[in-house]
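Me: Hi! Could you walk me through this one? I'd like to start with a single residue and then zoom out.

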Amino acid sequence: MKRLLMISYTYHDGLSAQDRQQMVRRFAADGGTPGAIAHYERLDGRGGFVIQEELDDEDLQRDFEPTLAFAPFLRFEMYAITTMEDAFPVIQRVDG
């Protein structure tokens with residue numbers, strides 16, 4: 001079973017235009033998330049989602065830095081996930 005990480009982020013309430021500009025500049029300079037498979041932005045303008053491959057210890061340390069850098073602008077929630085294709089045999093064994 002391949003383990004992935006889904007990161008959900010929402011923008012902090014009350015960000016000023018200057019805060020948002022600083023966040024955009026930082027994102028443009030940093031590039032993206034290590035191991036990112038996909039990055040989606042919510043169309044309501046309140047946040048987004050990143051799906052990334054499971055990271056090893058070294059990658060986790062590199063990933064922690066941008067998390068800290070964006071903490072003034074974003075609230076993060078992280079979930080360990082897998083595909084339904086990988087999960088269904090286990091679901092079927094337990095609940096089927």
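**Ser 8 and its chain**

Reply: Happy to! Ser 8 is buried, as its relative accessible area is 13% (buried means under 20%, exposed over 50%, partly exposed in between, with a 1.4 Å probe and protein chains only). This is a predicted model, where local features need pLDDT of at least 70 and side-chain atom pairs count only at pLDDT 80 or more, while totals for chains, interfaces and linings use all residues. Residues are numbered from 1 along each chain as its sequence is written, and side-chain values use heavy atoms, leaving out hydrogens and water.

Me: Which element does Ser 8 lie in?

Reply: Ser 8 is part of strand β1, residues 4-11 (strands are DSSP runs of E, at least two residues; helices are H or I, at least four; both are numbered from the N terminus).

Me: And what is Ser 8 in contact with, neighbours within four places aside?

Reply: Gly 48, Phe 49, Arg 75, Phe 76, Glu 77 and Tyr 79, where contact means heavy atoms within 4.5 Å.

Me: Zooming out, how many helices and strands does the chain have?

Reply: There are 3 helices and 4 strands, in the order β-α-β-β-α-β-α along the sequence.

Me: What share of the 96 residues is buried?

Reply: Buried residues account for 24% of them.

Me: Changing topic, what does the C-alpha trace span along its principal axes?

Reply: About 55 × 30 × 15 Å.
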